[in-house]
Amino acid sequence: MIQLLFLVLFAEGAVALLLMVKVGPLRELAMRGVDQVKTGKGPATVKTLACTLSVILMSGVASILKIQNRGLKLGTVSPMDQVLWRTHLLEASLIGYTLFLAFVIDRLHHYLRKLMTLRKTSSTSREEVEKLQMENRSLREKEEKSSSETKRLQREIARLNEGMKKLKSETEEHERKASVAEAHVDALQKQSEELLLEYDRLLEDNQILQTQLLSRG
């Protein structure tokens, strides 16, 4: 029993040391081993062993107290009682250290696993922050590009508006000139009609004169 407890104690000490000190891939191996113990039927088995060892520990402590009380009543302790007392004390000490190291390993594994999860979360959050910064930079570049494009379009629209105003003024000028020309044509037509009428009147007068001259001759 004592040799087995020493073996378990040394194994637990090695596992606790590997969990506390990172030695290459050994910590990861120790973590995986503890993970396997905590999965499936492992937790129930560990609790059963812990309860058994606790019962043995309490029995050993009770035996130690019993031997001490008997020695106090008799005033002396027999060699057999001394051997039993030392054996029970050693066994109780080993069981106590074993249970304590098991608790330490459990807490170390729990906090290391939580630390790994926090590191992964932190790494993921850092990647997301960098991604958001890149997206923000890209959006800012797009916004600047869009702003410059908007300004260019505004200048183009202003230039087109100026062209339209110029075309409108030219069209109005052409319409005004066309109106003047049309009025001038109308005036010329009226003048031509008046000249035709005058020409007809002169022809009529000429015929009258010719008739009078013929009649006199």
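**Briefing: salt bridges, a nonpolar patch and a helix contact**

Glu173 and Arg176 sit 3 residues apart in helix H4, so about one helical turn separates them (helices, H or I with at least four residues, and strands, E with at least two, are DSSP runs numbered from the N terminus). The side chains of Glu173 and Arg176 meet in a salt bridge, 2.4 Å from N to O; the term covers a side-chain nitrogen of Lys or Arg within 4 Å of a carboxyl oxygen of Asp or Glu. This is a predicted model, so local features need pLDDT of at least 70 and side-chain atom pairs count only at pLDDT 80 or more, while totals for chains, interfaces and linings use all residues. Residues are numbered from 1 along each chain as its sequence is written, and side-chain values use heavy atoms, with hydrogens and water left out.

**Salt bridges**

- The structure holds 7 salt bridges.
- Glu173 is partly exposed at 30% relative accessible area, and Arg176 is partly exposed too, at 46% (buried is under 20%, exposed is over 50% and partly exposed is in between, with a 1.4 Å probe and protein chains only).
- Asp205 pairs with Arg201, with the closest N and O atoms 3.1 Å apart.
- Asp205 and Arg201 are 4 residues apart in helix H4, so about one helical turn lies between them.
- Asp205 comes out as partly exposed at 31% relative accessibility, and Arg201 as partly exposed at 39%.
- Glu198 joins Arg201 and Asp205 in a network of salt bridges.
- Asp106 bridges to Arg107, with 3.1 Å between the closest N and O atoms.
- Asp106 is partly exposed at 25%, and Arg107 is partly exposed at 29%.

**Rings**

- Arg107 also has its charged end over the ring of Tyr111, 5.9 Å from the ring centre; to count, NZ of Lys or CZ of Arg must be within 6 Å of the ring centre and within 35 degrees of the ring normal.
- Searching the whole structure turns up 1 aromatic pair (rings of Phe, Tyr and Trp, the last by its six-membered ring, pair if their centres lie within 6.5 Å; planes under 30 degrees apart are stacked, over 60 edge-to-face and the rest tilted).

**Nonpolar surface patch**

- Leu17, Met20, Val21, Val23, Leu26 and Leu29 make up a nonpolar patch on the surface, with about 530 Å² of accessible area together.
- Patch members have over 30% relative accessible area and no salt bridge; like charges are joined within 9 Å and nonpolar side chains (Val, Leu, Ile, Met, Phe, Trp, Tyr) within 5 Å.
- Accessible areas come from the Shrake-Rupley method with a 1.4 Å probe, and for residues only the protein chains shown count as cover.
- Helix H1 (2-20) and helix H2 (26-37) each supply at least two residues of this patch.
- Leu26 belongs to helix H2 and is partly exposed, at 36% relative accessible area.

- Glu12 is in helix H1, and at 13% relative accessibility Glu12 counts as buried.
- Beyond its neighbours within four places in sequence, Glu12 is in contact (heavy atoms within 4.5 Å) with Tyr97, Thr98, Leu101, Ala102 and Ile105.
- Thr98 lies in helix H4 and is buried, with a relative accessible area of 4%.
- Leaving out residues up to four places away in sequence, Thr98 touches Leu5, Val8, Leu9, Glu12 and Leu53.

**Along helix H4**

- Leu188 is part of helix H4 (residues 79-216) and is partly exposed at 43%.
- C-alpha to C-alpha, Leu188 and Gly33 are 118 Å apart in space, and 155 residues apart in sequence.
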